[in-house]
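Q: Please take a close look at one part of this model, its salt bridges: how many does the count come to?

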Amino acid sequence: MGLYQEIRDYLPYNEQEEQDKEMMLRFMEQNKDYLERMNRTAHFSASVWVMNSGRTKVLMVYHNIYHSWSWIGGHADGEEDLAAVALRELFEETGVKDAWLVSDKIFSLESLTVDGHEKRGVYVPSHLHLNVTYLAEAYEEEELVVKPDENSGVQWFEIEEALAACEEKWMVERIYRKLVDKVRRMG
């Protein structure tokens, strides 16, 4: 099944997801380069919300561009299998080798604004990340590794500590709390 169908079949959790799902589908219909960051208006990205097996802790990275603790993720860069992108980013950004998706189904959808910034000495204009999130689990005991060109810290946090550590108020209120609530409702 392709990404368009996966998003189309996804049942939104709340109004934010309903609105973002419709926008994503329209954007995909109107832009063939939706998986490429060369599309300067918007492009797809994948994130992974990584929890320990007891689902009491979440793995976060200290993101160098946003200057905040955040989830793990990255650009699709032409790859339609966003679950694979999310797991690849998990390994690249944290060193975690032994992680698994709780489900291969989409866990969350969100449209995220990205402010203009410099990356590797090149200015990147403001744009949208049409983001697909997956839920994963990993072992806390696994060695964590910083990826210096992207983050300056990798750490497990108790859930409420993770939310308090994030400096991006909108992300905490609109996205991370939603993810925590969805996990809790799963049991």
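**Salt bridges**

A: R37 is partly exposed, with a relative accessible area of 36% (buried means under 20%, exposed over 50%, and partly exposed in between, with a 1.4 Å probe and protein chains only). The model is predicted, so local features need pLDDT of at least 70 and side-chain atom pairs count only at pLDDT 80 or more, while totals for chains, interfaces and linings use all residues. Residues are numbered from 1 along each chain as its sequence is written, and side-chain values use heavy atoms, with hydrogens and water left out.

With a salt bridge taken as a side-chain nitrogen of Lys or Arg within 4 Å of a carboxyl oxygen of Asp or Glu, the count comes to 14 salt bridges. One of them joins R37 to D77, whose closest N and O atoms are 2.7 Å apart. Because D77 lies in the loop between β4 (72-75) and α3 (82-94) and R37 in the loop between α2 (15-30) and β1 (42-51), the pair ties together parts that are 40 residues apart in sequence (helices are DSSP runs of H or I with at least four residues, strands runs of E with at least two, numbered from the N terminus). D77 is partly exposed, at 39% relative accessible area.

E150 pairs with K147 at 2.9 Å between the closest N and O atoms, and both residues are buried. In helix α5 (residues 169-186), E173 and K169 lie four residues apart, about one turn of the helix, and their side chains meet at 3.9 Å, N to O; E173 is partly exposed at 47%, whereas K169 is exposed at 58%. Finally, E17, E110, K178 and K182 are linked in a network of salt bridges.
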